[in-house]
Amino acid sequence: MTHKEAKLKLTTQYATHDRSVPARPQFRKWVKAALMQDAEIVLRIVDEPEGRSLNQDFRGGDHATNVLTFVYNHTQPLSGDIVLCAPVIVKEAGQQNKSLAAHYAHLTVHGVLHLQGYDHDNDASAMVMEQLETEVVMRLGYDGPYKDISG
């Protein structure tokens, strides 16, 4: 099955002190790998205070989380923001014995899928989303993101 490549307007914002964050071309590659439709995306990499504040203000959580996705509904092309929290991602990669690049790739793909309407609100939708994430991440050359995650 062939499909035309989705058009992407990507803005990457570095609002973190972490110097181990991947470069713009890497993020672009990961976003495009998961993108199935034209989109305008702002990808923002933040430190914990901003991550906590955004999670608190928009999701009611009192902690920084690895990825937040904000979709601007009813826009053509698809439009939204993805926020990645660098310190959380670094910590999780270590805990999960994953390379930092593999974890960033996975969470970028995860955010892009959310932007396109995928979710993990119930077992059935989580299974679909996780399968798609695994396919994309493995196509990018990394191990499946959910193998040995509890380990």
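The legends below describe close-up views of a predicted model.

**View 1. The four-stranded sheet is open and has the strand order S1-S2-S4-S3.**
Pairing within this sheet is mixed. S1 and S3 are the edge strands, and each pairs on one side only. From one strand to the next the twist averages 15°. S1 covers residues 8-15, S2 residues 39-46 and S4 residues 78-85, while S3 covers residues 67-72.

**View 2. S3 and S4 form a hairpin.**
The two strands pair in the antiparallel sense, over six bridges. Five residues lie between S3 and S4, and His74 in the turn has a positive phi of about 60°. Val71 stands opposite Gly80 in S4, and Val67 stands opposite Leu84 in S4.

**View 3. Helix H1, residues 24-34, has four named buried residues: Phe27, Trp30, Val31 and Ala34.**
Seen down the axis of H1, these buried residues fall within an arc of 100°, so they line one face of the helix. The elements that cover them include the strands S1, S2 and S4 and the helices H4 and H5. H1 lies across S1, S2 and S4 and runs at about 135° to S1.

**View 4. Helix H4, residues 100-115, lies across S2, S3 and S4.**
The direction of H4 is at about 150° to S4. H4 is also among the elements that cover the buried residues of H1.

**View 5. Helix H3, residues 86-95, packs with H4 at an axis distance within 9 Å.**
Two packed helices are described by the angle between their axes and the distance between the axes. The axes of H3 and H4 cross at roughly 120°. An angle in this range is neither roughly perpendicular, which ends at 115 degrees, nor roughly antiparallel, which begins over 145; H3 and H4 are therefore oblique to each other. H3 passes H4 in a right-handed crossing. On the H3 side the contact is made by Ala86, Ile89, Val90, Glu92 and Ala93. On the H4 side it is made by Leu100, His103, Tyr104 and Leu107.

**View 6. The axes of H4 and H5 come within 10 Å.**
These axes cross at roughly 130°, and that makes H4 oblique to H5. The crossing of H4 and H5 is right-handed. H4 contributes His106, Val109, His110, Leu113 and His114 to the contact. H5, which covers residues 123-139, contributes Met129, Leu132, Glu133, Val136 and Val137.

**View 7. Asp119 lies in the loop between H4 and H5.**
The relative accessibility of Asp119 is 26%, so this residue counts as partly exposed; the class lies between buried, under 20%, and exposed, over 50%. Leaving aside neighbours within four places in sequence, Asp119 is in contact with His114, Ser125, Ala126 and Met129. Of these, His114 and Met129 also take part in the contact between H4 and H5. Asp119 and Met129 are ten residues apart in sequence, and their C-alpha atoms are 6.5 Å apart in space.

Conventions: Residues are numbered from 1 along each chain as its sequence is written. This is a predicted model: local features need pLDDT of at least 70, side-chain atom pairs count only at pLDDT 80 or more; totals for chains, interfaces and linings use all residues. Side-chain values use heavy atoms; hydrogens and water are left out. Buried means under 20% relative accessible area, exposed over 50%, partly exposed in between (1.4 Å probe, protein chains only). The arc is that of the directions from the helix axis to the C-beta atoms. Contact means heavy atoms within 4.5 Å. Two strands pair if DSSP finds at least two bridges between them. Axes are lines fitted to C-alpha atoms, for helices over the stretch in contact, and angles run from 0 to 180 degrees between N-to-C directions. Angles under 35 degrees count as roughly parallel, over 145 as roughly antiparallel, 65 to 115 as roughly perpendicular and the rest as oblique. A crossing is left-handed if the near helix is turned anticlockwise from the far one by less than a right angle, and right-handed if clockwise.
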